[in-house]
Amino acid sequence: MPDACLRDLLLVAGCWLLGYGAVNWCLRREGTPGTSNQQPSSATILHSPERLRFALILSIAVAVVLALILWSRTRRRNVHFDFPDGGDVSTLMHSIAALTWGHVVEGNAVRIIQDEAFFEELIGDMASAAHHVHLETFLWEDGFVSDMIVPALIAAAQRGIEVRVLVDHRGAKTTSPAVWARLTDGGVDFRVYHRARLRELGFYNNRDHRKIAVIDGCIGYTFGHGIADMWGGRNDRWRDTAARFEGPVVRELQTAFLENWTKVQRTALAAPEYFPPLEPKGTIPMHVAWAAPPETASAVQRLYYMAISAARREIIMQNPYFIPDSHAVQLYADAVKRGVTVRLMLPTSGTSDFPIVQHASHYYYGRLLAAGAVIHEYARAGLHQKVLIVDREWCTIGSTNFDPRSFRINDEISVAIYDRGVAEELTRAFEEDAKHAEEWTLERWNARRFTHRVVDAMSRMLKRQL
């Protein structure tokens, strides 16, 4: 059972027990009807059918009210975007940025990095750091990749560099404590996000899924990679994409990192070395989406949905966990009606590390295929990049999956890049991956076995927590 469901059920059950006990305590004090001078026994009260029925009804009512409060506090309302006719991502970029609680930042440079080359680039930048290294990630597992990153972090710390590492508790639960001890002993300020402990119970289901690295406040990365051997050190390593940034946009990445760092460490780092003056390093406009205020769609969800709504010629998406809601399915269908080519690439249920998610995706394939979308499943190995390309002139890279957990629960980050050259580079990577992908058709979807259909439908029922 997903831990959020278990948490809510435990809270409701606890409230029911408290309410039931409180009602019985009150009845015990009042005594049995008609016997004002004699205190009835506990057994008499507890076994009185009328009072048991009253206690049961009242406690159920309290539990229902609590469940409604929990539901109303955690739900996010969908947002529909009113775009002008003829508007596209280029003309709407400032609107898109503002509606995701950001702003367009000019004067940036970016380099796209594919697969395990990301680790080499990151280690090289850490070796050149002059003041600080900040790393935030979700998944960390023992192995070849960890053995590359840990010495690089320690080496920087031992040179007197401030090194901070923030790892999600769920994503690092299998990592050997010896790795964390080695980092701490080596001078790295290592922290864990939302540990499994009583005082953080209410936040435990909120995971830190962001992937950020910042060096000296002037070089930044976002990526899909985890610190695990699925991304290096073996022949069947996953496909993934990272981006290295220079220019004023790095300040936005630093802000996002320090938001979660401050939650955990309880100290806001305000020294100017963390936010140095940043001169233009290129000509590319960008903006960063990462905010997630309550009661409304998160910034990353708004970014995806607005980009789909603004597409005029082509949408290309690569994403490892794709569970669209009915609103997203309709946005894709509307895009096809506008003459937009929609091409989606996802992993197979055999190559995904979480097959239940892929089965939940299959549930929605029918409507998407019937609407005219093209769906590929990458069969060579795991596919893990989170890339969206619109009209081959705008793209996003980051940590955000296309599913309810990323949109509604997790902390995520995506960087929007307004540059035709970068979009074309990512499109070429998509075309290369398509050589190793299988295309789904509506006929294939309709021909699924009965057991496949059942698994798809049952997986879809858990979509909010997958």
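The model is predicted, so local features need pLDDT of at least 70 and side-chain atom pairs pLDDT 80 or more, while totals for chains, interfaces and linings use all residues. Residues are numbered from 1 along each chain as its sequence is written, and side-chain values use heavy atoms, with hydrogens and water left out.

**Exercise 1.** Find which residues of the largest nonpolar core touch the most other members.

*Solution.* 
Step 1. A nonpolar core is a set of buried Ala, Val, Leu, Ile, Met, Phe, Trp, Tyr and Cys residues joined through side-chain atoms within 4.5 Å. Buried means under 20% relative accessible area, exposed over 50% and partly exposed in between, with a 1.4 Å probe and protein chains only.
Step 2. The largest core has 50 residues, and Ile315, Tyr332, Trp394 and Phe402 touch the most other members.
Step 3. Helices (H or I, at least four residues) and strands (E, at least two) are DSSP runs numbered from the N terminus. Among the elements that give two or more residues to this core are α4 (93–98), α9 (299–310) and β9 (314–318). Helix α9 gives the most, with nine residues.

**Exercise 2.** List the contacts of Tyr332, leaving aside its neighbours within four places in sequence.

*Solution.* 
Step 1. Contact means heavy atoms within 4.5 Å.
Step 2. The contacts of Tyr332 are Ile308, Ile315, Met317, Phe322, Val342, Leu344, Leu368 and Phe402.

**Exercise 3.** Decide whether the faces of β13 are covered or open, and find the partners of the strand.

*Solution.* 
Step 1. Strand β13 covers residues 394–398, and five of its five residues are buried.
Step 2. Trp394, Thr396 and Gly398 are buried on one side, Cys395 and Ile397 on the other, so both faces are covered.
Step 3. Two strands pair if DSSP finds at least two bridges between them. Four bridges join β13 to β12, antiparallel, with Val390 opposite Trp394.
Step 4. Strand β14 (residues 414–417) also pairs with β13 in the antiparallel sense over four bridges, and Ser414 is the bridge partner of Gly398.

**Exercise 4.** Classify the ring pair of Phe118 and Tyr221.

*Solution.* 
Step 1. Rings of Phe, Tyr and Trp (its six-membered ring) pair if their centres lie within 6.5 Å; planes under 30 degrees apart count as stacked, over 60 as edge-to-face and the rest as tilted.
Step 2. The centres are 5.7 Å apart and the planes at 75 degrees, so the pair is edge-to-face.
Step 3. Phe118 lies in helix α5 and Tyr221 in strand β6, so the pair ties together parts 103 residues apart in sequence.
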